[in-house]
Protein chains: 2
Amino acid sequence: MDYSLILKNVAKHIHLTSGEQEVFTSMLKEKEIKRKAFYLKENEICPDSVFVCRGCLRSYTVDTEGFEHVLQFAPPDWWIADMYSLISQKPGTLNIDALEDSVVLLLSRKEQEQLFIQVPSFERFFRILTEKSLVANRQRVLDSLSLTAQEKFELFCQHYPTLIDRLPQKQIASYIGVTPEFLSKVKAAYFKSGETTYKDR
Amino acid sequence: MDYSLILKNVAKHIHLTSGEQEVFTSMLKEKEIKRKAFYLKENEICPDSVFVCRGCLRSYTVDTEGFEHVLQFAPPDWWIADMYSLISQKPGTLNIDALEDSVVLLLSRKEQEQLFIQVPSFERFFRILTEKSLVANRQRVLDSLSLTAQEKFELFCQHYPTLIDRLPQKQIASYIGVTPEFLSKVKAAYFKSGETTYKDR
């Protein structure tokens, strides 16, 4: 298994000795998830922090009328989990599935607690990771209250630049909170107005 | 200064020796914030993590049309900050002001970094705090995509039970993302349907 991507990800925030790298990587489990297969279903307990090496995962809920609402996409180099369930070890509300054939590394909550004891600087790593995720989520709460669909789409392009042409329109619409038909109009208006607006930002 | 509330808050997640408690409390600065006074304005750099001892603070943005959108309320025993600005030490987008005469304890980012060195278990404390905040914010993103105004109001009652009768209706409306007039109707329908629904949940 090639751990270079996850070690680079960790090295963005903390320095590990080669011994500490070994402790860490020995706790990871590799898993393949085929397109459309689930990593986690609603009402299950989320056992792991999931790091995406290849492919793309997403987390979402399904409302009482059957509509899907996407919380997060995770392309390579991203972490994903049902944080509520992972932290509390109680059944969660999120589904996590693969939008493409994917390969992930799993760090179980139990191994993670062990890791905090053996390599305490991982407390720092996961604190920083969680802080960054919190900042992004808080911004999304504010965006949902104050932005138009067009502005939300522009932000999506900035936040997930690698996913715009890669994901089905339906998925992006479900993240922004509009119908696919409405997103079509938003995109048309956006690209007509000149992509330079986006590139210049 | 009485540090009992903040020490109890910390003790929920980590154990401190009396020496460590002293290191921590020696870093805190007390501040009074009068009703309607600002702790932080948009475009300023957020210098501190703010712990509320008395009163109530809120964080919010103002959109281009002048409408306020509330991200968070902080009654006593809650922490509040512009996390983006605090972490990056760049100018933020949030305003933080007091809805009532308030007393807070401030832990500056600089002192916090020092604290992580002197009492490393605080990495754990702030990781857990950030995780919990992240879970709440993720849920709010999903709620904003999938819930009705009535359901959002019910969740507000669960999340901030001490604030329902204490805050002006305008503030709650601005958190839920509806007009005060619409919130009036939602509340009337909610209380007419019997508060037992809420108590039974």
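The legends below describe close-up views of a predicted two-chain model. Residues are numbered from 1 along each chain as its sequence is written, while chains are lettered from A and ligands numbered from 1 in the order in which they are written. In this predicted model, local features need pLDDT of at least 70, side-chain atom pairs count only at pLDDT 80 or more, and totals for chains, interfaces and linings use all residues.

**View 1. Chain A as a whole.**
Chain A has nine helices and eight strands. Helices (H or I, at least four residues) and strands (E, at least two) are DSSP runs, numbered from the N terminus. Along the principal axes, the C-alpha atoms of chain A fill a box of roughly 55 × 40 × 30 Å. Of the 201 residues in chain A, 34% are buried. A residue is buried if 20 or more other C-beta atoms lie within 10 Å of its own, exposed if 12 or fewer, and partly exposed in between; the C-beta atoms are placed from the backbone. Among contacts in chain A with a separation of 6 or more, 70% join residues 24 or more positions apart. Two residues are in contact if their C-beta atoms, placed from the backbone, lie within 7 Å.

A rotation of 180° with 0.0 Å of shift along its axis superposes chain A on chain B, with RMSD 0.0 Å. The two copies are thus related as by a two-fold rotation axis. The same surface serves both copies, as 100% of the contact residues of chain A recur in chain B. The superposition is by least squares on the C-alpha atoms of residues with pLDDT of at least 70 in both copies.

**View 2. The chain A side of the contact.**
Chain A gives 26 residues to the contact and chain B gives 26 residues. On the side of chain A, strand E5 (68–74), helix H3 (83–88) and helix H5 (121–146) each supply two or more residues. H5(A) gives the most, with 17 residues. By class, this side has eleven nonpolar, eight polar and seven charged residues. Here Ala, Val, Leu, Ile, Met, Phe, Trp, Tyr, Cys and Pro count as nonpolar, Asp, Glu, Lys and Arg as charged, and the others, Gly among them, as polar.

**View 3. Arg127(B) at the contact.**
Arg127(B) lies in helix H5 (residues 121–146) of chain B. Arg127(B) counts as buried, with 22 C-beta neighbours inside 10 Å. Leaving aside neighbours within four places in sequence, Arg127(B) is in contact with Glu123(A), Phe126(A), Arg127(A) and Thr130(A).

**View 4. The nonpolar core.**
The largest nonpolar core has 92 residues. Those with the most contacts inside this core are Val50(A), Leu57(A), Ile80(A), Val50(B), Leu57(B) and Ile80(B). Such a core is a set of buried Ala, Val, Leu, Ile, Met, Phe, Trp, Tyr and Cys residues joined through C-beta atoms within 7 Å. Not counting residues up to four places away in sequence, Ile80(A) touches Val50(A), Val52(A), Leu57(A), Ser59(A), Gln72(A), Ala74(A) and Ile96(A).

**View 5. The four-stranded sheet of chain A.**
Four strands of chain A form an open sheet in the order E1-E8-E3-E6, with antiparallel pairing. Strand E1 (29–33) and strand E6 (79–80) of chain A stand at the edges, each with a single partner strand, so one side of each is left without a neighbour in the sheet. Two strands pair if DSSP finds at least two bridges between them. E1(A) and E8(A) (residues 102–108) pair over five bridges. Glu32(A) has Val103(A) as its bridge partner in E8(A).

**View 6. Strand E3 of chain B.**
Five of the seven residues of E3(B) (residues 48–54) are buried, so this strand is largely enclosed by the rest of the structure. Six bridges join E3(B) to E8(B) in the antiparallel sense. Val50(B) stands opposite Leu106(B) in E8(B). Two bridges join E3(B) to E6(B), also antiparallel. Phe51(B) stands opposite Trp79(B) in E6(B).

**View 7. Two positive phi values in chain A.**
Most residues other than glycine have a negative phi. Asn43(A) has phi near 80° and is found in the loop between strands E2 (38–40) and E3 (48–54) of chain A. Asn43(A) is exposed, with 11 other C-beta atoms within 10 Å. Gln89(A) has phi near 55° and is found in the loop between H3 and strand E7 (95–98) of chain A.
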